[in-house]
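Reader: Could you walk me through this model and tell me what stands behind each label you use? I like to see the cut-offs.

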Amino acid sequence: MQIRIATLEDLEGIHQVESVSFNDPWSKQAFSDELKNPMTTYLVAEQDKDILGFVGMWEVVGEGQITNVAVHTKARKRGIGKALIEALVNYSKSRKLEVLLLEVRESNEPAKSLYSLNGFKEIGKRKNYYTKPTEDALLMALALEE
């Protein structure tokens, strides 16, 4: 498996992973727009030309906002999510970002555990942030040190 920066050629694979991972998935057009945005970076985990997972981030004024992290159901419990987060942290440090931020469903224990294991700390809550179903989000942050 390799982790690399995503390109428009990865659009189908990213959207497929998104579609099997979330109740309210982003559209293919939304991902196309994201991949064309110079303020956005997506990393993909790929094996034999098959996209197994991805992570996306908006870069704004020294901060990285993680937009989404997903691993295909067929590839879970293999450390791919952890590897994607670690790669994004390293990429963010190379870009001299100061902090990474993300929201996670309050009920998503596997994701919360993944982020905590990678050093993210809960810093707040966003009421009714998610729909389908409506749920609060925990706001988590990771300070990036030199």
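Author: Gladly! Let me start with charge pairs: there are 12 salt bridges in the structure. This is a predicted model, in which local features need pLDDT of at least 70 and side-chain atom pairs count only at pLDDT 80 or more, while totals for chains, interfaces and linings use all residues. Residues are numbered from 1 along each chain as its sequence is written, and side-chain values use heavy atoms, with hydrogens and water left out.

Reader: What makes Glu46 and Arg4 a salt bridge?

Author: The term asks for a side-chain nitrogen of Lys or Arg within 4 Å of a carboxyl oxygen of Asp or Glu. The closest N and O atoms of Glu46 and Arg4 are 3.1 Å apart, so the pair qualifies. This pair links distant parts of the chain, with Glu46 in strand S2 and Arg4 in strand S1 (residues 2-5), 42 residues apart. Strands here are DSSP runs of E with at least two residues, helices are runs of H or I with at least four, and both are numbered from the N terminus. As background, side chains of opposite charge can pair when their charged atoms come close.

Reader: Why is Glu46 called buried, and why is Arg4 called partly exposed?

Author: Buried means under 20% relative accessible area, exposed means over 50%, and partly exposed is in between (1.4 Å probe, protein chains only). Glu46 has 12% relative accessibility, so it counts as buried. Arg4 has 22%, so it counts as partly exposed. Both also belong to a network of salt bridges that links Arg4, Asp10 and Glu46.

Reader: Where do Asp136 and Lys127 fall, buried or exposed?

Author: Asp136 has 11% relative accessibility and is therefore buried, while Lys127 has 61% and is therefore exposed. The two form a salt bridge, with their closest N and O atoms 3.2 Å apart.

Reader: Now the interior. What makes a set of residues a nonpolar core?

Author: Such a core is a set of buried Ala, Val, Leu, Ile, Met, Phe, Trp, Tyr and Cys residues joined through side-chain atoms within 4.5 Å. The largest one here has 26 residues, and Ile66, Leu100, Tyr115 and Phe120 touch the most other members. Among the elements that supply at least two residues each are strand S4 (63-71), helix H3 (80-94) and helix H4 (109-117). H3 gives the most, with 5 residues. Apart from this core lies another of 11 residues, among them Leu11, Leu35, Ile51 and Ala70.

Reader: Which residues is Phe120 in contact with?

Author: Contact means heavy atoms within 4.5 Å. Leaving aside neighbours within four places in sequence, the partners of Phe120 include Ile66, Ile85, Leu100 and Met140.

Reader: How do you know that the span of H3 is close to the expected one?

Author: The expected span is 1.5 Å times one less than the number of residues. H3 has 15 residues and reaches 21 Å from its first C-alpha to its last, close to the 21 Å expected. Its buried residues include Leu84, Ile85 and Leu88. Just after H3, Lys96 takes a positive phi of about 60 degrees. Lys96 lies in the loop between H3 and S5, and its relative accessible area of 58% makes it exposed.
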